[in-house]
Amino acid sequence: MELPPPQCEPIADSQPFANLAVRTLSYDNDRLAVYLQAEGYQFVRVDFDHVRGFRMLDEGDLWDFWDKYHTGNGWLYRVLQSGWFDLQSTRNDFITRAFLRMEYTNS
């Protein structure tokens with residue numbers, strides 16, 4: 001099943017940073033903390049509470065997002081449509097689709 005193109009919105013109150021790189025991930029079964037480094041040794045920590053699952057991919061595997069959703073337009077996006085959740089929801093055995101969800105991407 002082919003999904004429509006991804007739809008995302010930037011998190012408006014996220015401070016702009018240049019050249020972000022993921023440095024560390026920490027997951028404790030309820031919270032995901034992502035530590036990023038920006039230019040000039042600036043560090044950013046993003047916390048996600050009540051995490052049901054997460055996936056980390058090489059940026060090359062996020063090609064469908066690159067056209068609109070890149071650091072020129074923001075660096076933290078809420079995925080509204082056609083992200084990982086929608087892709088996994090095409091599987092009959094994906095039980096998480098019964099739970100409330102919110103999805104994000106860091107481009």
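Please keep in mind that the model is predicted. In the sheet, three strands run in the order β2-β3-β4, while the surface patch brings together nonpolar residues that include Leu25. The helix residue is Asp86, in α2.

**The sheet**
- The 3 strands form an open sheet with antiparallel pairing, in the order β2-β3-β4.
- Its edges are β2 (21–27) and β4 (42–49), each of which pairs on one side only.
- On average, neighbouring strands here are turned by 20° against each other, direction ignored.
- Strand β3 covers residues 31–38 and is joined to β2 by 6 bridges in the antiparallel sense.

**The nonpolar surface patch**
- Val22 also belongs to a nonpolar patch on the surface, along with Leu25, Tyr27, Phe54 and Met56.
- Together these residues have about 440 Å² of accessible area.
- Leu25 sits in strand β2.
- With a relative accessible area of 35%, Leu25 is partly exposed, because that class lies between the 20% limit for buried and the 50% limit for exposed.

**Asp86 in helix α2**
- Helix α2 spans residues 84–88 and contains Asp86.
- Asp86 has 18% relative accessibility and therefore counts as buried, the cut-off being under 20%.
- A polar atom of the Asp86 side chain lies 2.6 Å from the backbone nitrogen of Ser82.

Note on methods:
Residues numbered from 1 in each chain as written. Predicted model: local features only at pLDDT ≥ 70, side-chain atom pairs only at ≥ 80, totals over all residues. Heavy atoms only, no water. Pairing = 2+ DSSP bridges. Helix = DSSP H or I, 4+ residues; strand = E, 2+ residues; numbered from the N terminus. Axes fitted to C-alpha atoms, helices over the stretch in contact; angles between N-to-C directions. Buried < 20%, exposed > 50% of the residue type's maximum accessible area, 1.4 Å probe, protein only. Polar contact = N/O pair within 3.5 Å; in protein donor to acceptor, adjacent residues only side chain to side chain. Patch = residues over 30% accessible without salt bridge, like charges linked within 9 Å, V, L, I, M, F, W, Y side chains within 5 Å. Areas by Shrake-Rupley, 256 points an atom, 1.4 Å probe, with all protein chains shown as cover. Salt bridge = Lys/Arg side-chain N within 4 Å of Asp/Glu carboxyl O.
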